[in-house]
Amino acid sequence: MTHLIRELQKREEKLFHCVHCGFCLPACPTYTRLGDEADSPRGRLHFMRAIVEGRLEPDSPAVTRHLDRCLGCRACESVCPSGVEYGQLLEGAREVVARAGGASFLTRLLPAVMGRPVLLRPAMLLARIVRGTGILDRAVRRLSGEGWSGQVRLGLGMMAATSPPRLLSRSMSPNELLGPEEKMDAEMPGETMGHGTRAAVFKGCVQEGLLGRVNHATARVLNANGFKVVDVPGQGCCGAVHAHTGGLKGARELARRNIRAFERAGAGVVAVNAAGCGATMKEYPHLLGDDPEYGTRARDLAARVRDISEILGTADVRVGGRLPMRVTYDAPCHLLHAQRISAQPLAMLESVPGLELVPLRGHEECCGGAGVYGITHPELGGRIGKDKVRAIVSTGAQAVATGNPGCMMQIGAGLRMAGVAVDVVHPVELLDESYRRGGLYR
Ligand code: SF4
Ligand code: SF4
């Protein structure tokens, strides 16, 4: 424990960057809902400093309550004029709190399952089977939104939200339309952006287990844009949930496994379609900075990681067929605030002929997903989630696009619970559908 507090002390310089200006307060979803300074970024930094200076115990009720209530959305980082690296400080503080026994059972359960394929795969298989029966949607309609029933309803709604979108074609199989290399080359119309670059798709754990269709769409669209998509055996969970819940040791083990796997694949680009995973992988050098064996290798992998919108949200992306849909876009926090990527997903959507992109009020604010925040904090998570659903409904969009599985599940569950028939899709799925309609896969 003492050595963890020493670790936090090493980061104290970053705490001192905070000049208490309060610019971050209006950007913080928990502060704007609760109006309590202790639930603001400035207040939480105050608690972290109190731990470092020995004025508060890491497992004291005030510390655990207010740090636990943080969504980890990092909206405060985007607006902080002093450059306080809040996300990294929060990870360190949560590790100290977790080791002191201050983490809840649910907070510990999620990373314990996600990092272990032997547990995760059967759980995902069962979820897909149950999802296919339609039971989940029926349960969401019948369960009440109060107490434990409300939390169960949200969990089931999140699983149901991973069902294929109603407005798009039935999801295609993994290798369908990914023909042999020579066939792909023959179909390329002159110069394409990829120029045959070897690209690996980071599959993730929940993404691959419940939203595998997004990974397949990613591979097809990359392929259509001249990348040679290579398989990466041995890759796995990025470690984001572990890092965000105080399990930095587990996150480092998963990072090392991914580094070894992607080194073997020798891909020039690692395409990531889950904002939370991309942010974590780009921060592997921070996670493994003190590791003599993996520090440099972490930097090498991080330099090759690109969100899929960074690759495809450019002027030379291929144009597909018409997709006459009214779509709105919600920015995942770990894309907008952690990776500072804002224009590229919109450019990707604007490249789709016929697609009408309508702005979303509060698109920069967290949807309340943040792992299982809605389940661990039903009241506050529920309020934040309902505000997002209201904003989406007011756009009149047929679909909302967002680039992170947690956001897709949280927003999809919220829409289902509100009885609203709006599809939730990943932006790359819309490009994929447009390519299919335009005959680019023939
Ligand atoms: S904006 Fe930055 S410097 Fe100002 S109070 Fe918030 S964290 Fe501190
Ligand atoms: S990460 Fe989000 S919820 Fe946490 S303090 Fe910053 S703005 Fe508030």
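My entries below go through the ligand site and then some salt bridges.

**Entry one: the ligand.** I noted that this is a predicted model. Which residues are around ligand 1? I found C18, V19, H20, C21, G22, F23, C24, R42, L45, C80, P81 and S82. I sorted this shell into eight nonpolar residues, three polar and one charged.

**Entry two: salt bridges.** Side chains of opposite charge can pair when their charged atoms come close. I looked up how many salt bridges the structure holds, and there are 24.

I picked E283 and R74, whose side chains meet in a salt bridge at 2.9 Å, N to O. This pair links distant parts of the chain, 209 residues apart. E283 sits in the loop between α17 and α18, and R74 in the loop between α5 and α6. Are they buried or exposed? Both E283 and R74 are buried.

**Entry four: pairs within a helix.** Next I checked K249 and E253, which form a salt bridge at 3.9 Å. Both lie in helix α16, four residues apart, about one turn of the helix. K249 has 53% relative accessibility, so it counts as exposed, while E253, at 45%, counts as partly exposed.

I then turned to E433 and R437, with their closest N and O atoms 3.0 Å apart. They are separated by about one helical turn because they are four residues apart in helix α26. E433 counts as buried at 4% relative accessibility, and R437 as partly exposed at 38%.

Conventions:
Residues are numbered from 1 along each chain as its sequence is written. Chains are lettered from A and ligands numbered from 1 in the order in which they are written. This is a predicted model: local features need pLDDT of at least 70, side-chain atom pairs count only at pLDDT 80 or more; totals for chains, interfaces and linings use all residues. Side-chain values use heavy atoms; hydrogens and water are left out. A residue is near a molecule or strand if one of its heavy atoms lies within 4 Å of it. Ala, Val, Leu, Ile, Met, Phe, Trp, Tyr, Cys and Pro count as nonpolar, Asp, Glu, Lys and Arg as charged, and the others, Gly among them, as polar. Helices (H or I, at least four residues) and strands (E, at least two) are DSSP runs, numbered from the N terminus. Buried means under 20% relative accessible area, exposed over 50%, partly exposed in between (1.4 Å probe, protein chains only).
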